[in-house]
Amino acid sequence: MNTGEVPQDWRDANVVPLFKKDERHLASNYRPVSLTSITCKVLEHIVHSNIMDHFDKNKILTDAQHGFRKRRSCESQLIVTINDIASKLKSSGQVDIILLDFAKAFDKVPHHRLLHKLEYYGVNPKTNKWIRSFLHNRKQSVILEGAVSSQVPVLSGVPQGTVLGPLLFLAYINDMPETASTSETKLFADDSLLFRTITNQADSELLQKDLTALEDWENKWQMSFNAKKCLVIRISPKNRPVIQTSYHLHGHTLDTEEASKYLGVTISNNLTWDKHIDNTVGKGNRTLGFIRRNLKGCTKPVKAAAYVSMVRPAVEYASTVWDPTAQNKIKAIEQVQKRAARFVNNNYTDRTPGCVTNMVKNLKWESLEERRKTNRLCMLFKIQHELIDIDRHQYLTPNDNRTRGKNRFFQERTSTDTYGQSFFPRTIRDWNNLPTTVTATNTVEGFRAALKACSERK
């Protein structure tokens, strides 16, 4: 660290291509992950923790960024994003969202400009010199099916697969949200989302202006959006007319979609979750079918463990955001667990009423509906106690009084189901109905145990 030099063998990487999506024969559809020196990773952890402490202490990283940060996740990003969009629909006609796709974002970061930004953000000169050595003169070989390519120099980018790489990328794109001054930007690493309330054509022009400003930003900092993969979703309730506007990036007219995935959740143009739930149920059933085919001869505990570890997490991913209220959707999700209960018990023939329900009870599985409610309430508990980096003062207003008891929050009245069924309004209603003995607990484990005890008494 004192010399600011990194040994050459710490800068040599073996690159393993990991398939992402689309056609497998195209190299561009693979993510290059660098396998680097373990010893170097130890020192990277030390450098990373010190730089991040500096960033956190001085509040340098933009609040719009939820990727690769403590107490933040895809779920926290989705909660605040969907809440902000839904709240805008209460009084406005529509919200236009532009999903932005970086082209090879991690691989295009120019080293000299990255080091300039690190210096601007106050990174210690010795540390900056060490990072310069860490990035320069890197070499890599590709390993595929036992074959190894010759080494080639790495001229740009932060190496994926390293400890320090993600933090360097966050620092490099940190000023991006400031560029779109009149619209809101949300980031999870390189997954970017730009949105704005649209009440008239002038609002659409302002959103296009911010999109053009981001185009100028990418040119200045030598990044690149893939215009063909960027798209628009116009979110509006059915009873309101939609303002149709074409948005352009790099001279390309962005496609408008009725629904698209963002951080693994399908966002629809009416901000309901029917399409996402259908996709989730389909994925759960496909995963269950996979383990049924491969574990049909295994013991009951093994089958149960496979369901709990492989199927249920897929069905519950980010459920705090999309937890349904419609009975047909609740039932469709529960059917996945009921099919799993038949698989675990190896009982596909018994059709007597209540038999599958008893199988689920005997396995001591809670209903998925109850688990989703528990997860929502636990998330609110974490936000209240600042265990999740979501500003509780912005979303939670204390509403204690003698008749309602302590630890209650203000329930905002809303005439729109879209906002009323989003995370904060819905979960606050459930929270305010809990006994004070539950809400007054001090730990997540204690809160979850108190919730379970309360549910069992009912």
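Author: A helix here is a DSSP run of H or I with at least four residues, a strand is a run of E with at least two, and both are numbered from the N terminus. What you see is a predicted model, in which local features need pLDDT of at least 70 and side-chain atom pairs count only at pLDDT 80 or more, while totals for chains, interfaces and linings use all residues. Residues are numbered from 1 along each chain as its sequence is written, and side-chain values use heavy atoms, with hydrogens and water left out.

Reader: OK, which strands does helix α7 lie across, and at what angle does it run to β8?

Author: Helix α7, residues 201-220, lies across β3 and β8 and runs at about 155 degrees to β8. Such angles are taken between N-to-C directions, from 0 to 180 degrees, with axes fitted to C-alpha atoms, for helices over the stretch in contact, and contact means heavy atoms within 4.5 Å. Helix α2, residues 74-88, lies across β3, β7, β8 and β9, and runs at about 160 degrees to β7.

Reader: And in what order do the strands of that sheet come?

Author: The order is β7-β8-β3-β9-β12, which makes an open sheet of 5 strands with mixed pairing; two strands pair if DSSP finds at least two bridges between them. At the edges are β7 (184-188) and β12 (255-256), each of which pairs on one side only.

Reader: How many bridges join β3 to β9?

Author: There are 5 bridges between β3 (residues 94-101) and β9 (residues 231-235), and these two strands run antiparallel. Within that pairing, D96 stands opposite R234 of β9, and V95 has I235 as its bridge partner. Towards β12, strand β9 pairs in the parallel sense over 2 bridges, with D255 in β12 as the bridge partner of L231.

Reader: Is β9 buried or exposed?

Author: Buried, meaning under 20% relative accessible area, where over 50% is exposed and the range in between is partly exposed (1.4 Å probe, protein chains only). For β9, 5 of the 5 residues are buried, so the strand is largely enclosed by the rest of the structure. Both of its faces are covered, with L231, I233 and I235 buried on one side and V232 and R234 buried on the other.

Reader: What about helix α16, how many of its residues are buried?

Author: In helix α16 (residues 423-432), 9 of the 10 residues are buried, so this helix too is largely enclosed by the rest of the structure. Among the buried ones are F423, F424, R426, D430 and W431.

Reader: Changing topic: which residues lie nearest the centre of the largest pocket?

Author: Those are K20, K21, R31, D101 and D191, out of 37 lining residues. A pocket is an open set of points on a 1 Å grid over the protein atoms alone, where a 1.4 Å probe fits and protein lies on both sides within 12 Å along at least five of seven lines, and lining residues have an atom within 4 Å of a point. At least two lining residues come from each of β2 (30-35), β3, α5 (165-172), β8 and β13 (259-262).

Reader: And which element gives the most to the lining of the second largest pocket?

Author: That is α14, with 4 residues. The lining of this second largest pocket has 27 residues, and D63, R69, R72, D389 and I390 lie nearest its centre.

Reader: Where does L164 lie, and what does it touch?

Author: L164 lies in the loop between β6 (152-154) and α5, and it is buried, with a relative accessible area of 0%. Leaving out residues up to four places away in sequence, L164 touches E44, V47, H48, W130, I131 and F134. The C-alpha atoms of L164 and K41 are 8.2 Å apart in space, although these residues are 123 apart in sequence.

Reader: Last one: which residue other than glycine has a positive phi near 55 degrees?

Author: That is A189, which lies in the loop between β7 and β8 and is buried, with a relative accessible area of 5%. Q222 is not a glycine either and has a positive phi of about 60 degrees; it lies in the loop between α7 and β9, and at 38% relative accessibility it counts as partly exposed.
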